[in-house]
Amino acid sequence: MGGGASGAPTQQGGVDSESGAGSAEAGSGAASNEGGASPGSAGGASPGSAAEAGTAGASGESSSAGGRGTDSDSLDLRGIAADTLNHNPAPPGLGDARSRAVALLATWSQTQKLALIRGSSGNYVGNVPAVGSIPALTLQDGPAGVRYFSGVTGFPAPITLAASWDRALVESWGAAMGAEMRGKGVMIQLGPMMNLARVPAGGRNFEGFGEDPYLAAELAARDVAGIQSQKVVATAKHYVGNEQETNRFGGNSQIDDRTLHEVYYAPFDASVRAGLASVMCSYNRLNGLYACENPTALADLKTGMGFSGWVMSDWSATHSTVTSANAGLDMEMPSGSYFSALGTAISNGDVPQARLDDMVLRILTALYRLGILDDPPTGNSASNVNPSAHVDLARQAATSGITLLKNQNGLLPLDSSKKIAVIGRAGHSAPAFGGGGSAAVTPPYVVSPFTEIQLRSGNTVTYTNGLDSDAALAARAADVAVVFGSVDSTEGSDRPSLSSGVDSLVSAVAAANPNTIVVLNVPGAVLMPWLDQVAAVLVAWYPGQENGKAITPILFGDENPSGKLPLTFPKNASDLPQPASTQNVAYTEGLAIGYRALDAANVAPLFPFGFGLSYTTFSYAELKLHPHNSQGSVTAEFKLTNTGARAGAEVAQLYLSYPAGSGEPPRVLRGFERIALAPSESRTVNIELDARALSSWDSAHRSRQVLSGTYRIAVGGSSRDLPLEAALEVIGTDASAGTNPGTGGTGGTSGTGGTGTGSGGSATGGTSGNGTCDSPVDLDASVNTYGLLTTGAACFRTPLSFNAVACTQWAGRTLKINGAVVLCTGSQITVPPAIGGYSYFDISAGDSSYAAIGWFTL
Ligand code: NOJ
């Protein structure tokens, strides 16, 4: 939806949630198809690309306009608190909810506790029977709305929403889905899906928000906020590295620590900031260990990101009792194949009692915090939950995502006096709707494009759904041919190729009529070998039930297309990674996912990330940077003007280039705003970049840092059309070593940093310093009854001792802090000085098998 004049690139604050049950899975399919034809001729407005104009202003803190300044703006981040970079705030209401959960837990028997943390059979995809005063928990797919039940709205698929780049629209859609879930008696929605489209043929790309970590993070967080505004838990899935469906059950995603933090964790981290209540760990292995028993990944989530909710397994993705429980899995779904043995494991001393209590507390706290236990849903699977307001929203969402990729000679919008041939099955007999698997929804109907085009046109409209030769005949008899094509996609398998499935049909039609418009209902990128032969191309993604009512107003210019590609359309499939059929999938491209890879290799895409035309044109001008040292942020201000004759919305995008030697790709998206403008209207747009937006992940210290150096900020209408650019000199956190407290790592378990011996240069935040800690933390006061750190402590003094049952509980095992062995004797744990960077605890029986990580028992 429309754009505000100012934008902030970051998000909100998050929280937690709970459970579910179900039965094993594989993935089903189903989606859409092709077909159709008809007459008509061109007409209409001009294509226009976003780009243009714009000189870059780069002068000082409050400067005005002007071309690229010779003096860069500068931002000094030495004073920012380590917390700003490394910790997410606790969600509102967490403390109260936690207290209530603790009080209830104190009344529960062991049997009750053990009943809450695993699924059972029932009417929903996941079910946990009632425990004491807690009603039965109901979990239902999925990221595109309510699965399996009728009486629901068939919203467009998430990739369609992603193409809108519209935060407010995504939040409204999330709220509408949440309301329908609740109306059906669901407490826990199994979505959003926030894996990235690393491989363009990925079978689940339509369920997510595209290839860019920042775009996906921004939109996933709004989806979470919308769903949870309805007293429904959102479940962020699949954590993590579930980037292909080939070998999804146990394939090993090999992803380095920096890439995880900067790319694949990003949407989960943003969702935690938005109050996320639940996470689903994935089927795949991550760096050798199953995701649901991977202590590093789960500690990164709980301790690093500060996730207060609970982790449930994907359906049958649990592979152990003790290892999973101790690694941080909180709920097994859909049954209790492994967690039914948890009671015995606790009696044997293999899993601490505190771990079970923590599982239960996480679930209860999330349910209290979102208000679900005080106001449980009353609907059931038979309730009708699709009001007309949701139908309007579904149409608006489908419209907002439609992306115009080509419009030669202003063929679009269509002149209604022309004879139109609608061609292809997706044009009428099998109109596209959505994808398959757990993101499938049963819509009440799907509106046919042909039917709507007939209603809107003032002339003859024909429909052809047959041989290429029949389509060519129909096209020849018309002024304009509109060819509809669609591609199915589903969980469980990747697409076999990037074919649109209509290559020969389009070529046959285009040979018969140069005024050929191709409308594609696709789950992601497709190749277009016929691109030069056709006049126009529209990507309408998976449009949901309103299909024809979304595409027709765009075709005739009653609505102006404003979608932008949330993923790259490559010229060749080989330009981007393909699903690997080997068990080990090495993410060798690291940070260079999607457009970043093509930028780094200087390879031209077919259509770049962020690209989309309009029936009007926009210009960009007067970029100015306003650094705010006290807030540790910089605002990019620029002027956006609608230079054409039609009202339209533009998605203005901001890309950041890091200093040389940073290891970052050439450009990364760090801000965007969708702005609606009347003809000739101008708007001043502000996009704020905070210190996090400028940061990178320092694997050596396991914390975020901001490197000192020259950054470049570029603004425009796509990743390859950036007419404005300005430089920003940054004095980063690396310059503060020796003077600032340590960052304390991701874990919030406090850092030993301090002002100490850090020596300028590239040391991060003094995490390895061994000097004085300016603001020591009382560790005992910072750890709650269950051993969870409740503060984002930056540092504490060493040597330090505190009572710990752990020593006796884990006799014979080794306690490590960030890999360094810590003495554990009797009932005392003594943390010796100079260990540095306490981002997490490992308690292991040996170097390879963790018994616990990321939490602690007093
Ligand atoms: C497996 C899928 O991967 C997951 O996304 C879904 O929520 C569960 N099955 C339950 O259907």
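The model is predicted, so local features need pLDDT of at least 70 and side-chain atom pairs count only at pLDDT 80 or more, while totals for chains, interfaces and linings use all residues. Residues are numbered from 1 along each chain as its sequence is written, and side-chain values use heavy atoms, with hydrogens and water left out.

**Exercise 1.** Work out how the rings of Tyr-239 and Tyr-265 are arranged.

*Solution.* Start with the rule: rings of Phe, Tyr and Trp (its six-membered ring) pair if their centres lie within 6.5 Å; planes under 30 degrees apart are stacked, over 60 edge-to-face, the rest tilted. That rule gives 17 aromatic pairs. For Tyr-239 and Tyr-265, the centres are 5.5 Å apart and the planes at 15°, so call it stacked. Next, check burial (under 20% relative accessible area; exposed is over 50%, partly exposed in between; 1.4 Å probe, protein chains only). Tyr-239 comes out buried at 1%, and Tyr-265 is buried at 2%.

**Exercise 2.** Do likewise for Tyr-595 and Phe-609.

*Solution.* Ring centres sit 4.5 Å apart with planes at 10°, so this pair is stacked. Tyr-595 is buried at 2% relative accessible area, and Phe-609 is buried at 0%.

**Exercise 3.** Find which rings have the charges of Arg-167 and Arg-285 over them.

*Solution.* The test wants NZ of Lys or CZ of Arg within 6 Å of the ring centre and within 35 degrees of the ring normal. Arg-167 puts its charged end over Phe-672, 3.9 Å from the ring centre. Arg-285 lies over the face of Tyr-290, at 4.1 Å from the ring centre.
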